[in-house]
Amino acid sequence: MASAAFEEIVEDFEFLEDWEDRYRHVIEQGKAMDPLEDALKVPATKVDGCASQVWLHPTIENGVFHFDGESDAMIVRGLIAVLRALYNGLTVAEVLAVDARGELARLGLNDHLSAQRSNGLTAMVQRIRETAAAAAE
């Protein structure tokens, strides 16, 4: 149930054989994102449970989910880019139907992230799901 953008990342990962190359690819994804406006880096958009500073700013227009994000850690910024590829452009119902753990497992991220980074990734997914669930009500 992943978006075309996420499937592209999966395909890229299949060509990158070692984790160091994959790690660099995730970081490059983050570098390619536009920075989040400072005005949006407020307590309401901050994600708790992450080792680094993380802000997610979701928007829902006509039932379609989008979010932008920012982190002070390059790898986390890359993880935000991966999550954007997974979720942006989906309907609220589709966001809720995504098996994030299963989709991210296709990238092998769980095997290579520290426990703190994994917890932070889980916190970001939870925030996305909570936003979508609130919009679905």
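User: What should I know before I start?

Analyst: The model is predicted: local features need pLDDT of at least 70, side-chain atom pairs count only at pLDDT 80 or more, and totals for chains, interfaces and linings use all residues. Residues are numbered from 1 along each chain as its sequence is written, and side-chain values use heavy atoms, with hydrogens and water left out.

User: How many helices and strands does the chain have?

Analyst: Start with the terms. Helices (H or I, at least four residues) and strands (E, at least two) are DSSP runs, numbered from the N terminus. Here the chain has 7 helices and 2 strands. Their order from the N terminus is α-α-β-β-α-α-α-α-α.

User: What share of the residues is buried?

Analyst: Buried means under 20% relative accessible area, exposed over 50%, and partly exposed in between, with a 1.4 Å probe and protein chains only. By that cut-off, 42% of the 137 residues count as buried.

User: What share of the contacts joins residues at least 24 apart?

Analyst: A contact means heavy atoms within 4.5 Å. Take the contacts between residues at least 6 apart in sequence: 62% of them join residues at least 24 apart.

User: How many charged side chains are there, positive and negative?

Analyst: Lys and Arg count as positive, Asp and Glu as negative; His and the chain ends are not counted. A charge is placed at NZ of Lys, CZ of Arg, CG of Asp or CD of Glu. The chain has 12 positive and 24 negative side chains. The centres of the two sets lie 5 Å apart.

User: Is α3 enclosed or open?

Analyst: 12 of its 14 residues are buried, so α3 is largely enclosed by the rest of the structure. Among the buried residues are R77, G78, A85 and Y87. Just after α3, G89 takes a positive phi of about 95 degrees.

User: What does A85 touch?

Analyst: A85 lies in helix α3 and counts as buried at 10% relative accessibility. Neighbours within four places in sequence aside, A85 is in contact with S3, A5, F6 and I9. A85 and E8 are 77 residues apart in sequence, yet their C-alpha atoms are 8.9 Å apart.

User: Which residues of α2 are buried?

Analyst: First its span. α2 has 13 residues and reaches 18 Å from first C-alpha to last, close to the 18 Å expected. Its buried residues are W19, H25, V26, I27 and G30. Their cover includes α1 (4-15), α3 and α6 (109-112).

User: Where does H25 sit, and what is it in contact with?

Analyst: H25 lies in helix α2. At 17% relative accessibility, H25 counts as buried. Leaving aside neighbours within four places in sequence, H25 is in contact with D12, F13 and L16.

User: Which loop holds N62, and what is its phi?

Analyst: N62 lies in the loop between β1 and β2 (64-71). Its phi is near 55 degrees, a positive value in a residue other than glycine. N62 is exposed, with a relative accessible area of 82%.

User: Is A39 buried or exposed?

Analyst: At 61% relative accessibility, A39 counts as exposed. A39 is in the loop between α2 (19-31) and β1 (54-61). A39 and L86 are 47 residues apart in sequence and 25 Å apart in space, C-alpha to C-alpha.

User: Is G108 buried or exposed?

Analyst: G108 is buried, with a relative accessible area of 15%. G108 is found in the loop between α5 (100-105) and α6. Its C-alpha atom is separated by 12 Å from that of E20, 88 residues apart along the chain.

Methods: Expected span 1.5 Å × (residues − 1).
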